[in-house]
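Have a look at it first, then we'll go through the holes.

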Amino acid sequence: MIFYDCSTAPNPRRARMFIAEKGLEIETRDISIAKGEQLSQEFLAVNPRGTIPVLVTDDGTVLAENLGIAAYLEAAFPEPPLMGVSPEEKGLVMMWNAIVEQQGGMPIAEVLRNTNPHMKGRAIPGPLDFEQIPELAERGRARVGFFFDQLEERLQHSPWLAGERFSLADITGFVFVDFARVIRTRIPEDNSATLDWFERIKARPSAAL
């Protein structure tokens, strides 16, 4: 297998943490987004959509989305389980992973990609160019605040986002909460359950990668 990574971006970090939690060692090639290497002809030959992460399996299958990569690795290497065991747990992992992506990752990206001068004309990842829309950044900031409220309410009643077991949903949540620093946003000081959850994940070896 070959894993195409980018050490500075949140989505590749999600896959990197998942791989580490599985205890796997996979050949890795770092693609620099800062240098535009994701749009090079060499990389576009691997993933024409020009996005990272990408996992190329031993049989040559190209998996270019976090959920696809996680589903493959979970099926191929079921221990430790990171996507649920019971039907209910599997459903909760997918539900909370989607909530975190849509309510956390998306608005954080809206703020960053529509305000950062280095992303002028590149407001959406991929091979096509799109101009920034300042109004999306304003909406994104409001949504990020609501996202932190949702996390706190859930974590006051559950040790992990999907229940009693650390899962893919926690990896996704942790990475996006940590990445919110790029828009100068942190977990509110009064959100004690979220702060505890964040520190427990931060102490895991995979979080250092």
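Q: How many cavities of 30 Å³ or more does a search of the whole structure find?
A: This is a predicted model, where local features need pLDDT of at least 70, side-chain atom pairs count only at pLDDT 80 or more, and totals for chains, interfaces and linings use all residues. Residues are numbered from 1 along each chain as its sequence is written, and side-chain values use heavy atoms, with hydrogens and water left out. On a 1 Å grid over the protein atoms alone, a cavity is a set of points where a 1.4 Å probe fits but cannot get out, with lining residues having an atom within 4 Å of a point. Searching the whole structure for cavities of 30 Å³ or more turns up 1.

Q: Which residues line the largest cavity?
A: Its volume, the space filled by probe spheres set on grid points joined across faces, edges and corners, is about 40 Å³. The lining splits into 5 nonpolar, 2 polar and 1 charged (Ala, Val, Leu, Ile, Met, Phe, Trp, Tyr, Cys and Pro count as nonpolar, Asp, Glu, Lys and Arg as charged, the others, Gly among them, as polar). The names are Arg14, Ala15, Phe18, Asn66, Ile69, Ala70, Leu168 and Thr172.

Q: Which element gives the most to the lining of the largest pocket?
A: A pocket is an open set with protein on both sides within 12 Å along at least five of seven lines, and the largest pocket holds about 1400 Å³. Its lining has 45 residues. Helices are DSSP runs (H or I, at least four residues), numbered from the N terminus; the top contributor, with 9 residues, is α4.

Notes: Helix = DSSP H or I, 4+ residues; strand = E, 2+ residues; numbered from the N terminus.
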